[in-house]
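Please read them beside the sequence and the coordinates.

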Amino acid sequence: MISARLRRSLKREFRQSRMAQVGALILVVIFITTAFAPFFAPHDPTEQRIGTGTTEDMSYLPPPVFSTTENVTVFEDGERVTREVTTQGNWSFVLGTDRHGRDILSRILYGGRVSLSVGLVGAALAALIGVPWGLAAGFAGGRVDDTLMRWADVMLAFPSLVLAIALVGIFRGTPFHTRAIGDPFVWAANSDFVPNILIPRAGHVAEMPESMTFPVTVTIVVALVNTVWFARVARGEAISVREEDYIKAARSMGTGKLTILRKHVLPNSMTPIIVLATIQVAAIILLESALSYLGFSGISLSWGQDIQRGQSDLRRGWWMATMPGLAIVAAVVAVNLVGDWLRDALDPSIEGEGGV
Amino acid sequence: MTEILRVEGLTTRFFTDEGQINAVEDVDFRIHEGEIFGIVGESGSGKSVTALSLVDIVEKPGQIVSGRIWLRNPHLADSIRSDNPDAVDGEMVDLRSINPRLRRALRGSAFSMIFQDPMSSFNPSITVGEQIAEAVEVQRRAKANPRSTASRTQGFGLGQFAMATVLPSKRFVTPAGRDRAIELLELVGIPDPAQRAEEYPHQFSGGMLQRAMIAQALASEPDILLADEPTTALDVTIQAQVLELLEEIRDRTNMTILLITHNLGVIARTCDRVGVMYAGEMVERGTLTDIFRDSVHPYTQGLIGSIPQLDQVKGRLQPIPGNVPSLRAAELGDRCYFADRCPKAMKRCLEKPPMFDVDGSEKHRAKCYLAEQPYDEGDALPEDYFDG
């Protein structure tokens, strides 16, 4: 499906656009560090260090270089004494710690797994449903088109976040609300089948959490909510491709409708769909963050959740909400930059369309 | 010569929001085996819609309203004679009366179409060879036993279908289809066909692509080849080559060809018999000499008069005054549609003329009172009759 001409165009556009290079770089870094989070995370993201007598209290540590000063009131010899306590950042917690003393960098790397996987799986799912929906509507036309697209209009009439929350409410009772997936890296490090030489940090990895939780409901919901965009774009493409002479030629040969759709309509509608899919990844990452910020995702380790918790601690420290927020910004901006690059390379005439 | 196609009273209308449009109105003609039949007419005269109606791919809001399309197919005629006696007449089968599934299966094998613009008639994202192979494959399936899924799909199940959508390497081209595609490309005179089959449409020139399209049309071994303005988009030297190719195919395989064009020169050099269309009607038809030398209808005469003659350098061409009428049903009166442009319009022409035999010959017919009587100046319509 990717021709040599397209590859050349992609390369040329990539060389010319500094933004595309930056976006791709950020995306690759985010992708590798989150996918291989057990290797890169300095600490177990769930380990708490609140000072229980035997362990040191590591809560509310700011990032290194920064320090916080607080007035702490203590009773000393029956008297109230107010002391200034200065907390200094620590290089082993590069982005600081939260109220339970958990390492924020590790939490961001692990939380990114949720955001990225929901973004990618959600966009793929949305395309998988929306593209056939739109192609069928556009190609059939007439009453079929009306019926199918009125549904899309109904879905568009609701703000996507409200619709998503309502759908989560409907689906959350199902047994697949969230699903724990074994972490392949931890599994490999723990197993005897893989020689330790292959995984230099096997010891480190083995101490990491053994599974990650994947929010099945949220993924399905964000996919459903964003399906409409794919349906609309695919429909528009199908309508314009339908009028092409080669469709008429195929019909005159007796080619079936399904084959015409797959062989002639789909490949010639791919360009805007690919561009839309990348932009939708960003939109879905944002939507997922919003849902988990509001506490609908059913998982406790994600960027949205960490912002929400950090928000209540904003008076004690800015970094707890800001760091995951920056991660979201970086991911969304990077995806959008890559999307722009694809759009420019594939077809300069189309404008990006995304529902955020 | 055996008759292979007989069209009776074919009427195709478009029911648009702006009103009903009579694109093809009560068209009759016959084509014999191995013959090149030409349909000539101005833009918007219903030539192409006639062809689309034959293949049954008229797009909505268009609809074939009435008429019968008799195609010679002895095998099919025998098999449906007992079930559907109305649809059979001797060896002829009425394509409009058989069930739609059967009709679709016959699409490629009965008619193949060559379109005007070869550049837009190939899918730009698939190689030319693959598209020809598709036509081969569609025919193979249509001919396969309809009751056996295995024989129709040849192992190409739903899983393969899904795979083919995603993976370019899983494209549905059987080796047999590919070989046949190369063979066909060679037949239409494309050099180095094996190499060319792997190329994409944009790597072909217009003339080459038109050849490739003819190859694609031949892939299904059709009874009749419908060529809808096959040379219009090509430059003149290539036009001649393509016409030669069509004639060569006819001579070699006894293929029947229906050639649609607005170019009388093309008609004159290729066709055996001709039908002239005007405003959705076939106003005159006959052999090449009937039309070019003994034409009766003033429209046909006007068309011939407006051909540039190389031996008459001086003097202006004689165009037919006025324009083709709008085909909107509400605006079409019940008169001869050409009367307003006709230099020989008579009062009689305000009443629709039927099809007359010219000189008592059933082979040369014209929809004009002049076939029956000479022009009567005393009865002429005043020149400004239609201006008011």
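**Notes on the predicted model**

1. R72(B) stands opposite M92(B) in β6(B). Strands here are DSSP runs (E, at least two residues) and helices are runs of H or I (at least four residues), both numbered from the N terminus. Strand β4 (residues 62-72) of chain B and strand β6 (residues 92-94) of chain B run antiparallel, joined by 3 bridges. Two strands count as paired if DSSP finds at least two bridges between them.

2. Conventions come next. This is a predicted model, where local features need pLDDT of at least 70, side-chain atom pairs count only at pLDDT 80 or more, and totals for chains, interfaces and linings use all residues. Residues are numbered from 1 along each chain as its sequence is written, while chains are lettered from A and ligands numbered from 1 in the order in which they are written.

3. The β4-β6 pair belongs to an open sheet of 5 strands in chain B, in the order β2-β1-β4-β6-β5. The pairing is antiparallel.

4. Another open sheet in chain B has 8 strands, ordered β7-β8-β9-β3-β10-β11-β13-β12, with mixed pairing. Its edge strands are β7 (111-114) and β12 (356-358) of chain B. Neighbouring strands are turned by 30° against each other on average, direction ignored. Within this sheet, β8 (residues 224-228) and β9 (residues 256-261) of chain B run parallel and share 5 bridges. I224(B) has T256(B) as its bridge partner in β9(B).

5. Which strands does helix α1 of chain B lie across? Helix α1 (residues 47-55) of chain B lies across β3 (36-41), β7, β8, β9 and β10 (273-278) of chain B, at about 150° to β8(B). α1(B) also lies across β1 (3-16), β2 and β4 of chain B, at about 70° to β2(B). Angles run from 0 to 180 degrees between N-to-C directions, and axes are lines fitted to C-alpha atoms, for helices over the stretch in contact. Helix α9 (residues 206-219) of chain B lies across β7 and β8 of chain B, running at about 170° to β7(B).

6. Chain B as a whole has 13 helices and 13 strands. Its radius of gyration is 23 Å, close to the 21 Å that the globule rule gives for 388 residues, so chain B is as compact as a globular protein of that length. The radius is taken over C-alpha atoms, and the rule is 2.2 Å times the number of residues to the power 0.38. The C-alpha trace of chain B spans about 75 × 55 × 45 Å along its principal axes.

7. Now the interface. In chain B, 24 residues are in contact with 18 residues of chain A; contact means C-beta atoms, placed from the backbone, within 7 Å. On the chain B side, the elements giving two or more residues are α3 (100-110), β7 and α4 (128-143) of chain B. That side has 11 nonpolar, 8 polar and 5 charged residues. Ala, Val, Leu, Ile, Met, Phe, Trp, Tyr, Cys and Pro count as nonpolar, Asp, Glu, Lys and Arg as charged, and the others, Gly among them, as polar.

8. In chain A, helix α4 (residues 104-140) and helix α11 (residues 257-293) pack at an angle of about 140°, with their axes 7 Å apart. Residues in this contact include G119(A) and A123(A) of α4(A), and S269(A) and I273(A) of α11(A). By class, the contact has 16 nonpolar, 6 polar and 1 charged residues.

Key:
Two residues are in contact if their C-beta atoms, placed from the backbone, lie within 7 Å.
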